[in-house]
Amino acid sequence: MSDHTAQTELPGVNFAALRQATLAEAAEHDLHVEQDGAQGIVVGTYYGRIAFAPSGAYCKAEISTARADFLQTLKDSLVDQIGSVMPDAAQAIRWSDGIRQGALPDNARLMTVQHREMLDCGFMRVTLAGDVARFSDSAIHFRLGIAQPGKTPQWPRIGENGATVWPKGEHKLHLPVYTARRVDRENGLLVFDLFIHEGGRTTDWARSVELGTQILVTGPGGGGCTITGPVFGFADDTAFPAIARIMEANPDLTGRIMLYPSHVDAAHYPFPKRTGLEVVIASEAARPTMGQAACDAVSSVADGFLWFAGQKAMATQVRKMWKEHGGAAERSYISAFW
């Protein structure tokens, strides 16, 4: 159901060229092309639908989705797509639903740091308080917006063309991705586990931030945690919270998950117990072979679900292998966590 829609004219943008660019992007990101032809193209995404159609010498666009925060995400995506080739056209975009210029985007919230504690596995557990109504099992990842040390935070705002305007220069935010380990909607709490990287910017922030401090949270987005069929999983320690969330959400999950900790302490991360799921902890020496191990398993996945999260080059390698073997996008989650 599409409760939120918005249209815009795209003066100066040629429909034929935009159609080809849209088809290429859909192929790259495994998006479903619902309609394609001279009268228009419609692409379905996790966040909603994006449609382009000819309008005189140029074209027009329409986006539709079930949620206000997803509508903002689609606006940002469309403006970014147009802006990559025609910056002036992107700046000239004006949406039919009006804008709240200068307001915080609908897919962002300011939350406060309520609690933090060190776990005995190399992770710090951080609890944020605020609006968590938009979080669900269908999207479990989010971004923190962390100001540069010593700088007063400046938060993103909606620009005249409806897209998010991010602070730049000395006020540019650090935007790492984390997993919502637990969401307490009744009390407005978001809990996430941060793997401690010595010298890491988020680690330094988490250690020094005062309780009650405001922090930006954008999203949620990314993959969900509901999986059907046997899973074939590969995860380094940055993805351990996501694996734990998946195990929690799927009590009858079967298959095999390989965990690749970078330190012996990380092997003690608190995972739920699942009798039908084989969980194997690889040695630290095996960590560099994680990508190849996932590639070797591709041909064995068959009707199972391939789940991979780790270093970017490895994720790219696994994604390529999965596509070459005809793996379906809906039967996989392959992501670079760092």
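The lining of the second largest pocket has seven nonpolar, six polar and four charged residues; Ala, Val, Leu, Ile, Met, Phe, Trp, Tyr, Cys and Pro count as nonpolar, Asp, Glu, Lys and Arg as charged, and the others, Gly among them, as polar. A pocket is an open set of points on a 1 Å grid over the protein atoms alone, where a 1.4 Å probe fits, with protein on both sides within 12 Å along at least five of seven lines; lining residues have an atom within 4 Å of a point. The model is predicted: local features need pLDDT of at least 70 and side-chain atom pairs pLDDT 80 or more, while totals for chains, interfaces and linings use all residues. Residues are numbered from 1 along each chain as its sequence is written, and side-chain values use heavy atoms, leaving out hydrogens and water.

Of the 17 lining residues, Val-79, Gln-91, Asn-161, Ala-163 and Thr-164 lie nearest the centre of this pocket. Two or more residues each come from α2 (68-83), α3 (87-91) and β10 (164-165). Helices (H or I, at least four residues) and strands (E, at least two) are DSSP runs, numbered from the N terminus. The largest share of the lining, four residues, is from α2.

Helix α2 also holds Phe-70, which pairs with Tyr-47 in the loop between β3 (40-44) and β4 (49-55), so the pair ties together parts that are 23 residues apart in sequence. The two ring centres are 4.9 Å apart and the planes are at 90 degrees, so the pair is edge-to-face. Rings of Phe, Tyr and Trp (its six-membered ring) pair if their centres lie within 6.5 Å, and planes over 60 degrees apart count as edge-to-face. Phe-70 is buried at 7% relative accessible area, whereas Tyr-47, at 21%, is partly exposed. Buried means under 20%, exposed over 50% and partly exposed in between, with a 1.4 Å probe and protein chains only.

In the whole structure there are 12 aromatic pairs. Ring pairs join Phe-123, Phe-195, Phe-240, Tyr-269 and Phe-271 into a cluster.

Phe-271 is also among the residues with the most contacts inside the largest nonpolar core, along with Ile-243 and Trp-307; this core has 27 residues. Such a core is a set of buried Ala, Val, Leu, Ile, Met, Phe, Trp, Tyr and Cys residues joined through side-chain atoms within 4.5 Å. Helix α5 (240-249) is one of the elements that give two or more residues to the core, and α5 gives the most, six residues.

Key
Rings of Phe, Tyr and Trp (its six-membered ring) pair if their centres lie within 6.5 Å; planes under 30 degrees apart count as stacked, over 60 as edge-to-face and the rest as tilted.
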